[in-house]
Amino acid sequence: MIQSMTGFGKSVLQLPNKKITIEIKSLNSKNLDLNARIPSQYREKELIMRNTISSALKRGKVDFSLYVEQSGDETSASVNAEAVKNYIKQMQDLNLPNIGSKHDIQLLEIAMRLPDALKTEREEIDETEFAEIEKALEEALTEINEFRTAEGAALEKDLKLRVSNIADLLNEIMQINPERVENVRERLRKGIEDLKENVDENRFEQELVYYIEKYDITEEEVRLKNHLSYFTETLGTEDSNGRKLGFIGQEMGREINTIGSKSNYAPMQQLVVQMKDELEKIKEQVLNVL
């Protein structure tokens, strides 16, 4: 069973004085690329959360966000009254025109935007609270993995279809292979007749056999069938392995390219082009497999 690297998971934790929302999004990537956005008061626990996410997701470009909304009376920020008073006094001391009671609100607005008007006290993380956050994180990871599994099922269905299409095209190629051989024979004979030269029929047949053997695609057919079978088997294994599927896809491409270079027959080359098209779609999909 394969998994996609695309997924989304979310968990909401409601505490007495705050609401904590955890969101995890992932896209495809060669390795694990984890970006975390969390409030400063939880930074000391970032490594623990990163390790939990890394163990659960393995690969992908992952965005982890932890949002905190204060829902009670408590807040970590408070007005620095002395700083605000000092700012207002300094502005009043400038003796600017029209400074009076009607401008007090404007002065306050300006003062509140200046540095240190607000002071933030660092809160110690409550271990009981963090234990609840860890549970919420596990819930979000379970959700994103379920999402990845569902996406993986859709990917697997499409990949099996592409592999089946390549197998059908390969069968068509082998069915017209005798026509190709006869076409080669006729072209060689016509070429000799155009030269208006008498040829030794035995020598002609020997050269023809050599030429046909040189462009024989039986080995490529056997190897490509084996690769298609191995690809399908890998799709059905317990562990999702996108890298392995990618390597098998490369081997499939080598055999298809060789068949194309040896075909020397337009109807066969057209089928090879269709096989390449199916293989490109497989490669695109495999990039998103975990």
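Helices (H or I, at least four residues) and strands (E, at least two) are DSSP runs, numbered from the N terminus. With that in hand, let us look around.

## About the model

This is a predicted model, in which local features need pLDDT of at least 70, side-chain atom pairs count only at pLDDT 80 or more, and totals for chains, interfaces and linings use all residues. Residues are numbered from 1 along each chain as its sequence is written, and side-chain values use heavy atoms, with hydrogens and water left out.

## The chain as a whole

The protein chain holds eight helices and six strands. Followed along the sequence, their order is β-β-β-α-β-β-α-α-β-α-α-α-α-α.

Of the 290 residues in the protein chain, 36% are buried; buried means under 20% relative accessible area, exposed over 50%, and partly exposed in between (1.4 Å probe, protein chains only). The protein chain exposes about 17600 Å², with carbon and sulfur atoms supplying 49% of it. Accessible areas come from the Shrake-Rupley method with a 1.4 Å probe, and for residues only the protein chains shown count as cover. Among contacts (heavy atoms within 4.5 Å) with a separation of 6 or more, 80% are between residues 24 or more positions apart.

## Two loop residues

Lys58 sits in the loop between helix 1 (46-57) and strand 4 (60-70). Its relative accessible area is 54%, so Lys58 counts as exposed. Asn264 belongs to the loop between helix 7 and helix 8, and is partly exposed at 30% relative accessibility.

Most residues other than glycine have a negative phi. Phi of Lys58, however, is near 65 degrees, a positive value, and phi of Asn264 is near 55 degrees, also positive.

## Glu220 in helix 6

Glu220 is part of helix 6 (residues 218-235). With a relative accessible area of 4%, Glu220 is buried.

Leaving aside residues up to four places away in sequence, Glu220 touches Glu255, Thr258, Ile259 and Lys262. The side chains of Glu220 and Lys262 are joined by a polar contact of 3.1 Å. A polar contact is a pair of N or O atoms within 3.5 Å; within protein, one must be able to donate a hydrogen and the other to accept it, and residues adjacent in sequence count only if both atoms are side-chain atoms.

## The largest pocket

Pockets and cavities are found on a 1 Å grid over the protein atoms alone: a cavity is a set of points where a 1.4 Å probe fits but cannot get out, a pocket is an open set with protein on both sides within 12 Å along at least five of seven lines, and lining residues have an atom within 4 Å of a point. Grid points are joined across faces, edges and corners, and a volume is the space filled by probe spheres set on the points.

The largest pocket has about 380 Å³ of space. Its lining has 17 residues, with Gly242, Arg243, Gly246, Val286 and Leu287 nearest the centre. Helix 7 (242-263) and helix 8 (266-286) are the elements that give two or more residues to this lining, and helix 7 has the largest share, seven residues.

## The largest cavity

There is one cavity of 30 Å³ or more. The largest cavity has a volume of about 50 Å³ and is lined by Arg180, Val181, Val184, Tyr211, Ile212 and Tyr215. Helix 4 gives the most to this lining, with three residues.
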